[in-house]
Each structure stands twice: as C-alpha cells, then as structure tokens.
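Here is a friendly walk through one protein model, meant to be read with the structure open beside you.

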Amino acid sequence: KIALTKPDVPSDPVHDPSSERTTPYPNPVKDLLHFKGLKEGVSYELKIYSVNGKLVVNTELVRGQNVAIGKLSSGKYFIVLTGGDTGQKQKFSIIKL
C-alpha cells in the first residue's frame, strides 16, 4: 500500500506573510516608488544606481514609506535593498518614466 499525504502548506498561500516577496511598485514608476513585502519593524538600506553605476539615492527605508524619485531622469535604474535583520541583499531594476 502507498499512503499519500499532503505537505504542510498554508491553506491560503496568497495571504501567508512569510511567503511575501519584496517588490518595488509601480514599475514603470513616475514619482513615488513603493515596496510591497517589507517586514514590520525592520529598517532597510535602499540604494538606487543609474545604468552607469552612479549612486543616485542612498536612504533608509521602513515598511510604509515611499521613495520620491520624481527628480530622477527617465530611464532604467538598479535597486539594492539590504535588510537590517538579516543583511540579505535583494536586487531589482525599475524604469523611471
């Protein structure tokens, strides 16, 4: 006989906070950049680089904060987000309109 069992999976993975990925939005962005999936009570280091590698934004970020990038020129940018609790680096690219 073979016994089949279900793995331990949350019944609603869409609302499982531990499975949330950090994501910048909207992308493309015009003025205010938001981040989905930041942990409550954790401070993040946010760095935004131009395609030429120039650091154009260097700031601290916490859940619920937005980043005003309206003054940046239109084009592609790279984001490095470092989590304060683990020091883990996450990398993203965005398009500034």
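R63 is partly exposed at 47% relative accessibility, while E40 counts as exposed at 62%. (Buried means under 20% relative accessible area, exposed over 50%, and partly exposed in between, with a 1.4 Å probe and protein chains only.) These two residues form a salt bridge, with their closest N and O atoms 3.8 Å apart. The term stands for a side-chain nitrogen of Lys or Arg within 4 Å of a carboxyl oxygen of Asp or Glu. Searching the whole structure turns up 1 salt bridge.

What does the pair tie together?

## About the model

Please keep in mind that this is a predicted model, in which local features need pLDDT of at least 70 and side-chain atom pairs count only at pLDDT 80 or more, whereas totals for chains, interfaces and linings use all residues. Residues are numbered from 1 along each chain as its sequence is written, and side-chain values use heavy atoms, with hydrogens and water left out.

Helices (H or I, at least four residues) and strands (E, at least two) are DSSP runs, numbered from the N terminus. Two strands pair if DSSP finds at least two bridges between them.

Strand 6 (residues 75-83) and strand 7 (residues 89-96) run antiparallel and are joined by 8 bridges. Along this pairing, Y77 has I94 as its bridge partner, and F78 stands opposite S93. Strand 6 also pairs with strand 3 (residues 43-50), again in the antiparallel sense, over 7 bridges. There, L46 stands opposite L81.

## The turn between strand 6 and strand 7

The hairpin of strand 6 and strand 7 has 5 residues between the strands, and within this hairpin G87 takes a positive phi near 75°. G84, in the loop between the two strands, is exposed, with a relative accessible area of 58%. Contact means heavy atoms within 4.5 Å; leaving out residues up to four places away in sequence, G84 touches V42, S43 and Y44. The C-alpha atoms of G84 and V42 are 6.0 Å apart, although 42 residues separate them along the chain.

T82, in strand 6, is buried at 14% relative accessibility. Outside four places in sequence, T82 touches S43, Y44 and E45, as well as G87, Q88 and K89.

## The nonpolar core

Which residues have the most contacts inside the largest nonpolar core? They are L33 and F35, in a core of 18 residues. Such a core is a set of buried Ala, Val, Leu, Ile, Met, Phe, Trp, Tyr and Cys residues joined through side-chain atoms within 4.5 Å. Strand 2, strand 3, strand 4 (55-62), strand 6 and strand 7 each give two or more residues to this core. Apart from neighbours within four places in sequence, L33 is in contact with residues including P24, Y25, I48, V67, I79 and I94.

Is L46 buried or exposed? L46 is buried, with a relative accessible area of 0%. This strand 3 residue touches, beyond four places in sequence, F35, V57, N58, T59, L61, V67, I79, V80 and L81. L46 and E60 are 14 residues apart in sequence and 5.9 Å apart from C-alpha to C-alpha.

Another open sheet has 3 strands in the order 1-2-5, with antiparallel pairing. Strand 1 (23-25) and strand 5 (67-68) are its edges, each with a single partner strand, so one side of each is left without a neighbour in the sheet. Strand 1 runs antiparallel to strand 2 (residues 32-36), and 3 bridges join them. In this pairing, T23 stands opposite K36.
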